[in-house]
Amino acid sequence: MLMLAGTTDLYEKRKGVYPRAVDGFYRRLKWAIMAITLTIYWVTPWIRWDRGPYAPDQAVLIDLAHRRFYMFSIEIWPQEFYYVAGLLVMAGIGLFLVTSAVGRAWCGYACPQTVWTDLYQHVERFIDGDRNAQIRLAKAPWSVGKLARRLFKWGVWLAIAFATGGAWIFYFADAPTLQQAFWTGQAAPVAYATVGVLTATTFVLGGFMREQVCIYMCPWPRIQTAMLDEKSLVVTYKDWRGEKRGSVKKAAAHPGEYGDCVDCDQCVAVCPTGIDIRNGPQIGCITCALCIDACDKVMAQVGRSRGLIDYCTEDDAQAERQGAAPRPMMKSLLRPRTIAYFTVWAGIGLAMLFALGSRTRIDVAVQQDRNPIFVRLSDGAIRNAYTVKIRNMEARPRPMAVSVAGIDGATLWTDAMAREEAGATVATTVPADSVARLRVYVAAPAAGPQRADFDFVLRATDKEGGGDRETMSFERPE
Amino acid sequence: MADESKAQIDAATGTQFKGHEWDGIQELDTPLPRWWLWTFYATILFAIGYTIAYPAWPMISDYTRGAMGWSSRGALVKELAARDAALAPIHKAIADTPIEQLPGNAQLMQAAVEGGRAAFKVHCVQCHGSGAAGSKGYPNLNDDDWLWGGDLTTIEKTIIDGVRNPDHAETRQSMMPAFGRDQLLTPAQVNDVVAHVRTISRQDKPGAASQRGAPVFADNCAVCHGPAGQGIRSLGAPNLTDGIWLYGGDADAIHATVQNSRQGVMPRWGDKLDKATIRMLAAYVHSLGGGEAAPAPEVPAVADAANGVQSQTGQ
């Protein structure tokens, strides 16, 4: 090894991948998913959602500055972040579910890296032509024409990258306002920095890194390799049917000697990661299924049945190799493992929905003054002071009343009132979507236990009502 | 050992062997990477520059001061000066606002209370305690009982002029005689008047002693404490009928008070602190829960301001 160190380069230069255009069921599925995901990405920040005058009207908004997360009718405060954690757990288990059922479907269809690379490859084909033209252009020496083509292509890529990076920031601020500020140079520096970074990463990852991201950078293929089992759908070249490879002519000349594979290499030509699926399952296969489309087309042309390359589980592959008929794909979806994943996934989802439906939108938190703990008043009564924080998580101001329960003869008032105005309740209006801080004095007769527990009771006095309470203690001198 | 007289060259890398060998594994004399070496030299240069620019070398009785004249004390002074400069406009606004008008400006009042909270920790906690709860002989500033008055103006005056300053004419002055020690009352009369005070503060039921004490009280005490013992603030005479006792309300403590009198003192802060700080202290003390509205009728000139105070505190 030592002897080789000077001569072996650890870096392998990327081999160009120039996938050929293909049409078929999976290609159309990819188109549809690309259209849906990109539409969701670009349109979502612009959807308006009326929340009244006190809250933003953007349907999906991650308001980091004010620590609020809005998603349609749901508003999440920072202390409710467990909903987001729950969503992330669901996303994780959802990936387990999808992987165990249909293999690396996420990689093949929905992963942003796949979607944007796909989009960039379409641009590339539009400008440079299909696979062969691209290879020719790549090999051609630099000329004015090649440079012009390259600059044009990179320009379009950059425009897409800029639109991608640009859309991201709209999730974090009011989109129309931010857009105006962005173009007039008034937006926050972090907005420009974010757009810059995401434009650069999109341009580089989608235009140049491409399948290298999947093969070398992304941890997910490794994890998925562990998630897949013999009952997961993977794109499979049915070698028992295809081998030995040979052209139609050869097969006609030597009946029975050749399999169905005509060795046309179309499956390699269309592969966006540049692998040969006929070598068996491999880390480079993102199961985009474009080779299935390509092969099916060729099989139709040569009059052989489709599915030489097809989604197939390892178990089914074994059975088929032994001569069983191909099983329909759907059969592999329902099995204990996928049902277990689905149950957990749906359980978390239902639990979150229940929690969301039953959560309270007002909250009281009280802190007692510790220095001094109590004050003797001139009429002999004992006064304790508390800081009462009332959280109104609704997007409208709400009238609320604070009272105490559990101390005989207690009266309360705030630092904005005189003791003469003390009573059984203190009324206040808590502004929309905010926390009100009240300094509350509670006075009670000196006769009583040295430490008595009582409740601060918060009630919303509008017609919707609701409330909260917190147990505190009232302290008296010995 | 390998033959060290002849330099051996590793064929693959072209690097010289070090001459060490362990079980056939030989060590190469690979030079340090250039980038590492240059980084290392750069750090040395930086260190030299740093020791010239900043205080670095200890000398016999001093140290090298550094070309930039930087010192941690200097940096602190600068920071403090910057802080003072930042607060100066607020302090000036507070100093320029008569205290009875302070509550009319909620923001300024808030600033004054917070500034007072900080100043209190420096100047007042030694006697009044960190929570302003006082102790025996040092009034609790949280309660609603005031010797001289609990409105902003009166509190400010008390802070400015102090209590019983010997060389200051304006100081708060209340001179209770030492009735027992100076034999103004007989021991029996002292006991009787103590019993009377215990009665009017509803701590004891009326008895023979307290009945004997009532005329003694009327003759000797009522002139300052009022006929009913409810105190007179303009004289600084405490209310003897309420639940708050500066020196204790049990019979022994009251006896000691009547026997020897009490002469608590407070420094006058008018010559020690600036106007704004005193005003902020008054605002803070007033905010502790016992602050009173300004007495409107006494000074007609500030009636408007007093109304402002009332509407502020009475909302």
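Where in chain A is Lys244(A) found? In the loop between helix 11 (239–242) and helix 12 (248–253). The peptide bond from Glu243(A) to Lys244(A) is cis, with omega near -5°. Keep in mind that this is a predicted model.

The predictor gives the complex an ipTM of 0.77 and a pTM of 0.74. Chain B has an average pLDDT of 90. In that chain, 91% of the residues score at least 70. One stretch needs care. Over residues 298–315 of chain B, pLDDT stays under 50. For that stretch the model has 23 contacts beyond four places in sequence.

Next, the inside of chain A. The largest nonpolar core holds 35 residues. Leu290(A), Cys291(A) and Ile309(A) touch the most other members. Which elements give two or more residues to this core? They are helix 2 (82–102), helix 3 (105–110), strand 4 (234–237), helix 14 (290–301) and strand 5 (309–312) of chain A. Helix 14 of chain A gives the most, with six residues. At least three residues come from each of domain 1 (30–219) and domain 2 (234–335) of chain A.

Take Ile309(A) by itself. Leave aside its neighbours within four places in sequence. Ile309(A) is then in contact with Val235(A), Tyr237(A), Cys267(A), Ile277(A), Cys291(A), Ile292(A) and Cys295(A). There is also a second, separate core, of 32 residues. Among its members are Val364(A), Val402(A), Val440(A) and Ala444(A). As background, nonpolar side chains tend to be buried together in soluble globular proteins.

A cis peptide bond joins Asn371(A) and Pro372(A), with omega about -5°. Pro372(A) lies in the loop between strand 6 (362–368) and strand 7 (375–376) of chain A. Then there is Asp433(A). Phi of Asp433(A) is near 55°, a positive value in a residue other than glycine. Asp433(A) sits in the loop between strand 11 (425–430) and strand 12 (434–444) of chain A.

An unreviewed UniProt entry lists Met176(B), Cys221(B), Cys224(B) and His225(B) under "binding site". These positions are spread over 50 residues of sequence, yet they cluster in space. The largest C-alpha distance is 10.2 Å.

Look at two of them. Cys221(B) is in the loop between helix 7 (208–220) and helix 8 (222–225) of chain B. Cys221(B) counts as buried because 23 C-beta neighbours lie inside 10 Å. His225(B) lies in helix 8 of chain B. His225(B) counts as buried too, with 22 such neighbours inside 10 Å. Beyond four places in sequence, His225(B) is in contact with Gly231(B), Ile232(B), Ala237(B) and Leu240(B).

Last stop, Arg202(B). Arg202(B) has a positive phi of about 55°, although it is not a glycine. Its place is the loop between helix 6 (187–200) and helix 7 of chain B. Arg202(B) is exposed, because 11 other C-beta atoms lie within 10 Å.

Key:
Residues numbered from 1 in each chain as written. Chains lettered and ligands numbered in written order. Predicted model: local features only at pLDDT ≥ 70, side-chain atom pairs only at ≥ 80, totals over all residues. pLDDT = per-residue confidence, 0-100. Contact = placed C-beta atoms within 7 Å. Core = buried A, V, L, I, M, F, W, Y, C linked by C-beta atoms within 7 Å. Buried ≥ 20, exposed ≤ 12 C-beta atoms within 10 Å, placed from the backbone. Helix = DSSP H or I, 4+ residues; strand = E, 2+ residues; numbered from the N terminus. Domains from an automatic or database assignment. UniProt positions renumbered as here; feature names shortened; annotations may be inferred.
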